[in-house]
Amino acid sequence: MLKKLFVYDMRALSKLLIIAHIPLILLAFLLRFTIVDALSHLETNDSFAILAGALLVLFFCYLAVVAFLTEVYFAYYTYKNLFSDQGYLTLTLPATPAQQVGAKVLSGTTWILIDQIVIYLSCAICIAGTNTMSLILDEMQKLPKDFFQSFFGMSFSEIIAYFMGSTLISAITAPCIILGALCLGQLFSKNRILIAVVTYFCYYFLVQIVASGYMGYQMASTANSAEIFAGTPYATTPLPGMKGLFILSTILCAAFGVFGYFFSNWCMRKKINLH
């Protein structure tokens, strides 16, 4: 039954989200072939520079909208499917609460991962031009040999590994947290959607506050390490706490995700009331 629920949820989510992600790829190709491959015209053609700036702003704005839309539409679909009038029909299916929750988490995780892959792919398309890659490689070669280790406290490969790992953990835990917030709203007789939204934003701001506080402490305690880059173009305060930030953020996301998953299961078994 879990497989059937997952397939049904994926079909329902894909009807909108596939359409929403196609323009992002098209914009990436538009930037790649009309702007990135003609960067030499930026300094000599003001109209071209304005067009390039407008397309870049449009691309990054739409990228942010698509990322936001993916989670918002998942939350909307989950609420509609489980807790609205449609929920009466959904909850009469021969499926356990754990299967209902599992299907939503799996479908949400799958689409958030698809969203992240499409975003990374579109960014890669934008910078895949010969001129751009040459410029990036030239700038990378100008960096001090131990730049990433000295500035971030870890190597470039470690940064990529931590970044990909945190992306995967976030994709898995985000649906759990969204579902947990929706279930919490169902424990109240009024303003259920508002309570769910406030709960999610409280989680988001809590993580941001903890992460900002950690980085502020790290930067304040290591301010003197800026001497490493004295007299170089990188004479700024290094960020040796970046590895700790990745780990801390991942632990927080995982902890809230696990709590959201088990809380959702408990609510679906014991407390859900559609009246």
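In this predicted model, Tyr-200, Phe-201, Tyr-203, Tyr-204, Phe-205 and Phe-256 together make up one aromatic cluster. When ring centres within 6.5 Å are taken as the criterion for pairing, the count comes to twelve aromatic pairs.

- Because Tyr-120 belongs to helix α4 (residues 97-126) while Phe-163 belongs to helix α7 (residues 156-185), the pair ties together parts that are 43 residues apart in sequence.
- Tyr-120 counts as partly exposed, with a relative accessibility of 28%, and Phe-163 likewise counts as partly exposed, at 36% relative accessibility.

**The pair Tyr-200 and Tyr-203**

- For Tyr-200 and Tyr-203, the ring centres lie 5.8 Å apart and the planes make an angle of 55 degrees, so this pair, too, is tilted.
- Both Tyr-200 and Tyr-203 are found in helix α8 (residues 192-221), where they are three residues apart, or about one turn of the helix.
- Tyr-200, with a relative accessible area of 21%, is partly exposed, whereas Tyr-203, with a relative accessible area of 13%, is buried, because the limit for burial is set at under 20%.
- Tyr-200 and Tyr-203 are both members of the aromatic cluster, which also includes Phe-256.

Note on methods: Residues numbered from 1 in each chain as written. Predicted model: local features only at pLDDT ≥ 70, side-chain atom pairs only at ≥ 80, totals over all residues. Heavy atoms only, no water. Phe/Tyr/Trp six-rings, centres within 6.5 Å; stacked < 30°, edge-to-face > 60°. Helix = DSSP H or I, 4+ residues; strand = E, 2+ residues; numbered from the N terminus. Buried < 20%, exposed > 50% of the residue type's maximum accessible area, 1.4 Å probe, protein only.
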